[in-house]
Amino acid sequence: MPRRRIRGLWFALAVAVTGILCGALGLSVVLTGGYSLHRMDGTAMGPGLRPGDRMLADRVAAGDVRRGEVYIVDSPWGLHTAPVFRVMALGGQRIACAGGQLSLDGAPLDEPSARQAGTCTRDFEVTVPPGRAFLMGDRRDTAADSRQHLDDDRQGTVDLAALTGNRVVWDSGDDSPALPGKLIGAAVLMVLGALITVIGVLAVVVLASFAAARRRTAR
């Protein structure tokens, strides 16, 4: 086989291997990112999330939990389910309802009007202990959240360990956010890797077939 054709074959093999590595890198980002797919049950997060909507969640450290984020909560208040709630206050913050107004650290909370109905059916004031969170659903008039557990020894707050497994980063609801940039990048890598691999493999097959045909002709 001529040296030029051998170099072409090795180049095609290198292209195929590069494609495989590229796709594997994208897949590793997805797998190591701790992403998981879930289905919304119940109406606690309506109207944005309805029963049957899909949710993509990732894992976070307890120190990375942020107020306003939505989480699939692992068995809060001794429940044997994993409801979906929004983090309304974190350790050291004071959340209160008084005169029908929800406030955080003494300042009224500016929220979408769709969430406000039924928020303050009873007055309360909770200073969230360190390492814990106060949770609410978005459909406040029916959501069975921290407000329904104010009389327990932790005033309805939940340990951050119950949140770190499933932070909702995307959902199929009406106000669906964009997919995380890391996940988009991983998908691009996997698609690009697949295309490069196919091109490399086809090139190898064509060059090998051409070389075999030339050998048969030379005989």
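Tutor: Please keep in mind that this is a predicted model. A search of the whole structure finds 1 disulfide.

Student: What is a disulfide, and which residues does the disulfide join here?

Tutor: In general, a disulfide is a covalent bond between the sulfur atoms of two cysteines. In this structure the disulfide joins Cys97 to Cys120, with an S to S distance of 2.0 Å, and the link is left-handed, with -65° about the S-S bond. The pair connects distant parts of the chain, 23 residues apart, since Cys97 lies in strand 5 (residues 94-98) while Cys120 lies in the loop between helix 2 (113-116) and strand 8 (124-127).

Student: Is Cys120 buried or exposed?

Tutor: A residue is called buried when its relative accessible area is under 20%. Cys120 has 19%, so Cys120 counts as buried, and Cys97, at 2%, is buried as well.

Student: Which backbone angles and peptide bonds deserve a careful look?

Tutor: Most residues other than glycine have a negative phi, and most peptide bonds are trans. Here, Ser75 has a positive phi of about 50° although it is not a glycine, and Trp77 also has a positive phi, near 55°. Ser75 sits in the loop between strand 3 (70-72) and strand 4 (84-90), and Trp77 is placed in the loop between strand 3 and strand 4. As for peptide bonds, the one joining Gly46 and Pro47 is cis, with omega about 0°, and Pro47 belongs to the loop between strand 1 (36-39) and strand 2 (54-58).

Terms used. Residues are numbered from 1 along each chain as its sequence is written. This is a predicted model: local features need pLDDT of at least 70, side-chain atom pairs count only at pLDDT 80 or more; totals for chains, interfaces and linings use all residues. Side-chain values use heavy atoms; hydrogens and water are left out. A disulfide is a pair of cysteine sulfur atoms within 2.5 Å. Helices (H or I, at least four residues) and strands (E, at least two) are DSSP runs, numbered from the N terminus. Buried means under 20% relative accessible area, exposed over 50%, partly exposed in between (1.4 Å probe, protein chains only).
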